[in-house]
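Here is a short report on one protein model. Please look over the sequence and the structure before reading on.

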Amino acid sequence: MSPLLSPESPELDDAHFALLANYAKHLGRAPKAIRFATNNGERRSRQKGHGMEMLELRAYQASDDLRHIDWRVTARTGQAHTRLYAQENDHQRLLLLDLSSSAYFGTRHTFISTRFIQLAGIIAWRSKQQGDTLSYRIAYGNQDFASNKSGTLPILLNALKEASIVDNRVKGSSASSIWSNFLLTSKAHNKDVIILTDKQSWNQDEESALMKLAEHNTVHWIQIIDSNAFNLPSGQYQMADTKGIRTVSISKKSMQQAKADFFSQNTLMRKKLASFGIRHQIFDITESPEKIARYLLSQGALH
């Protein structure tokens, strides 16, 4: 079994994060048209000069820089045309990882928390390898780490390693959403924002903050579930949470109700995210973090 898909322990060590660096390096590249695509108009800086790559030639728009008008094409067609440029290294990314106590659970391969942390590690390594600017905030248990400074990869990887410790599930988690009441997110503009969380709800103030974040950035929301959790046989199980270890009785009826409640809430969340222009994708724990990272690559969230 692949050590990436099924690590020996849900608690990741330095050797595993070194392994993630190799997977990040060999993700490949997204097609150019995808790498520079945006949802709501071109948000990235466009200016002509050395080190710039021309993306496309299109009809002039009122917001275009006049210096980039292609006068030869304009004269030939009788219609103003603009050249669009982008720096290959002008990629700014904001990673938001928010794990609830429920994420420290899994019936196959590993825990949901571990899969999220593996993915965050690949994103961190890939950003470093591509020379991209990576800001981040990670929240788990009673811990909260954030930085927008360069050269903090070792600090981030260490925080991710600490986040994988199973005892975090008994320490509770922040009630507020990771994007709210936070300077890095309130000031974020023209970034690829990647949200990794198992949480599915938020309050009205948090919703307003999320809408603002999506208005000024391209937001990708990754959700990881363990679909097999809804197929557990009836019986009694030992579960650990913030109150310690307790016995939980599961019946077929209670499992069906839990599944219905989960997907009802999930449907509501997906509709809201879509209305905000946020790209949401759900993966099962049986899918490797490399596959999820390749999805982000295909969406332009990674380069």
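**Overall make-up**

This is a predicted model. The protein has 9 helices and 10 strands. Its other whole-protein values are set out below.

| Item | Value |
|---|---|
| Buried share of the 303 residues | 49% |
| Share of contacts (separation of 6 or more) made by residues 24 or more positions apart | 76% |
| Accessible surface of the protein | about 15100 Å² |
| Share of that surface belonging to carbon and sulfur atoms | 50% |

**Nonpolar cores**

The largest nonpolar core has 45 residues. Within this core, Leu-97, Leu-160, Leu-196, Ile-222 and Leu-296 touch the most other members. Several elements each supply at least two residues of the core. The helices among them are helix 1 (14-25), helix 4 (112-130), helix 5 (153-163) and helix 9 (289-298). The strands are strand 3 (92-98), strand 4 (133-140), strand 6 (192-197) and strand 7 (218-225). Helix 4 gives the largest share, 8 residues.

Take Leu-97 as an example. Leaving aside neighbours within four places in sequence, Leu-97 is in contact with Phe-116, Ile-117, Ala-120, Arg-137, Ile-138, Ala-139, Leu-160, Ile-178 and Leu-196. Another core, of 18 residues, lies apart from the largest one. Its members include Ala-188, Val-193, Val-219 and Phe-276.

**Helix 4 against helix 5**

Two packed helices are described by the distance between their axes and the angle between them. The axes of helix 4 and helix 5 come within 10 Å and cross at roughly 175°. Angles over 145 degrees count as roughly antiparallel, so helix 4 is roughly antiparallel to helix 5. Helix 4 makes the contact through Ile-117, Ala-120, Gly-121, Ala-124, Trp-125 and Lys-128. Helix 5 contributes Leu-153, Leu-156, Leu-157, Leu-160 and Ala-163. By class, the contact has 9 nonpolar, 1 polar and 1 charged residues.

**Leu-184**

Leu-184 is found in helix 6 (residues 183-186). Is Leu-184 buried or exposed? Its relative accessible area is 15%. Buried means under 20%, so Leu-184 is buried. Not counting residues up to four places away in sequence, Leu-184 touches Leu-94, Ser-135, Tyr-136, Ala-146, Ser-147 and Asn-148. Leu-184 and Ala-146 are 38 residues apart in sequence. In space, they are 8.5 Å apart, C-alpha to C-alpha.

Notes: Residues numbered from 1 in each chain as written. Predicted model: local features only at pLDDT ≥ 70, side-chain atom pairs only at ≥ 80, totals over all residues. Heavy atoms only, no water. Helix = DSSP H or I, 4+ residues; strand = E, 2+ residues; numbered from the N terminus. Buried < 20%, exposed > 50% of the residue type's maximum accessible area, 1.4 Å probe, protein only. Contact = heavy atoms within 4.5 Å. Areas by Shrake-Rupley, 256 points an atom, 1.4 Å probe, with all protein chains shown as cover. Core = buried A, V, L, I, M, F, W, Y, C linked by side-chain atoms within 4.5 Å. Axes fitted to C-alpha atoms, helices over the stretch in contact; angles between N-to-C directions. Parallel < 35°, antiparallel > 145°, perpendicular 65-115°, else oblique. Nonpolar A, V, L, I, M, F, W, Y, C, P; charged D, E, K, R; others polar.
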